[in-house]
Amino acid sequence: MNNLNANYERILKVLQKISKHQLLTYQRRQPKLNDLELISLSLTAEYMGIDSENNLFRQLPDTISSKIERSVYNRRRRKLINHIDNIRLKLASHFNEFENYFIIDSMPLEVCKLSRSSRSKICKENFYAHPDKGYCASQGSNYYGYKLHAVCSVSGVFQSIDLSSASVHDVNYLKDITTQINDCTLIGDRGYLFAKIQLNLFETYNIKLNTPMRSNQLNYKMQPYIFRKSRKRIETLFSQLCDQFMIRRNYAKFFQGFKTRILSKIAVLTTIQYINKFVFDRNINNIKISII
């Protein structure tokens with residue numbers, strides 16, 4: 001698990017099956033390290049928990065470090081963020097193509113403590129992407145930063161993800177997921193309990209949103225046990241992102257870098273699941289495991 005070069009070769013071999021080497025349409029000079037190799041290096045660093053680029057380049061073998069400088073690596077990686085997400089979706093399609101049940105939830109991503117929020121300049125280069133103050137009901141605490149919205153299959157593979165300011169309510173994300181899923185059942189918690197949106201999803205996109213009812217609601221019915229049990233899968237995925245991939249430990253100062261780190265961590269999670277399933281034929285959610 002600590003062999004960086006072997007992990008890099010494994011991830012690169014998987015990505016070569018589903019993507020071409022050069023992804024950016026315009027490059028003045030042909031780079032020594034092609035786009036797919038750069039993405040593989042980025043995913044390898046996230047898989048091994050290397051969150052410092054200086055530390056990463058100290059560990060790189062000469063065969064890789066001689067092809068690119070650290071600052072160039074950082075700039076190119078941020079430009080490739082949309083391609084990283086497209087690769088993630090291609091990998092996820094091997095699991096989710098015929099799925100009829102999905103789970104939706106969100107988790108907080110703190111950029112700094114509340115006491116520093118008024119003077120913090122982190123991720124404030126663009127007005128539309130400013131972090132904000134929000135409340136996490138599951139943790140019962142306020143925080144300053146962003147909210148990660150996600151939809152995953154019952155087997156535990158992320159299908160749709162998005163970032164929003166912390167103050168944005170979970171229900172608003174339901175308006176955006178219709179471009180990626182339809183004709184399915186969506187399982188959520190009480191944060192998505194909104195009758196008007198539930199009706200619109202069903203009539204327009206044939207998405208049946210199943211959420212637990214509040215005990216004081218008219219015609220109260222308990223959510224079926226199978227749905228309550230299945231909803232724990234996305235909570236387990238969030239825990240794996242926090243533990244194995246340290247998604248809450250992010251040292252980026254600009255929003256583009258912050259988003260790149262978050263999407264890379266989710267992309268490598270999907271890549272490890274693909275390797276588990278189609279290379280080693282083992283449980284896809286055994287994340288703390290060697291891939292070489």
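Colleague: What share of the contacts in the protein chain with a separation of 6 or more comes from residues 24 or more positions apart?

Modeller: Such residues account for 65% of those contacts. Please bear in mind that this is a predicted model.

Colleague: What does the secondary structure of the protein chain consist of?

Modeller: There are 10 helices and 6 strands.

Colleague: Why is the protein chain called as compact as a globular protein of its length?

Modeller: The globule rule gives 19 Å for 292 residues, and the radius of gyration of the chain is 20 Å. The two values are close, so the chain is as compact as a globular protein of that length. Along the principal axes, its C-alpha atoms fill a box of roughly 65 × 50 × 35 Å.

Colleague: How many of the residues count as buried?

Modeller: Of the 292 residues, 51% do. A residue is buried when its relative accessible area is under 20%.

Colleague: Is Phe95 buried or exposed, and how do you know?

Modeller: Its relative accessibility is 15%, which is under 20%, so Phe95 counts as buried. Phe278 has 41%, which lies between 20% and 50%, and therefore counts as partly exposed.

Colleague: Why is the pair of Tyr146 and Phe258 called tilted?

Modeller: The ring centres are 5.1 Å apart and the planes stand at 35°, so this pair is tilted. Tyr146 lies in strand E3 (residues 141-153) and Phe258 in helix H10, 112 residues apart, and the pair links these distant parts of the chain. Both Tyr146 and Phe258 are buried.

Colleague: How many aromatic pairs does the structure hold, and which residues form one aromatic cluster with Phe95?

Modeller: The structure holds 7 aromatic pairs. Tyr274 and Phe278 form one aromatic cluster with Phe95.

Colleague: How far apart are the mean positions of the positive and negative charges?

Modeller: For the 44 positive and 24 negative charges of the protein chain, the mean positions are 3 Å apart.

Key: Residues are numbered from 1 along each chain as its sequence is written. This is a predicted model: local features need pLDDT of at least 70, side-chain atom pairs count only at pLDDT 80 or more; totals for chains, interfaces and linings use all residues. Side-chain values use heavy atoms; hydrogens and water are left out. Helices (H or I, at least four residues) and strands (E, at least two) are DSSP runs, numbered from the N terminus. The radius of gyration is taken over C-alpha atoms; the globule rule is 2.2 Å times the number of residues to the power 0.38. Buried means under 20% relative accessible area, exposed over 50%, partly exposed in between (1.4 Å probe, protein chains only). Contact means heavy atoms within 4.5 Å. Lys and Arg count as positive and Asp and Glu as negative; His and the chain ends are not counted. The place of a charge is taken as NZ of Lys, CZ of Arg, CG of Asp or CD of Glu. Rings of Phe, Tyr and Trp (its six-membered ring) pair if their centres lie within 6.5 Å; planes under 30 degrees apart count as stacked, over 60 as edge-to-face and the rest as tilted.
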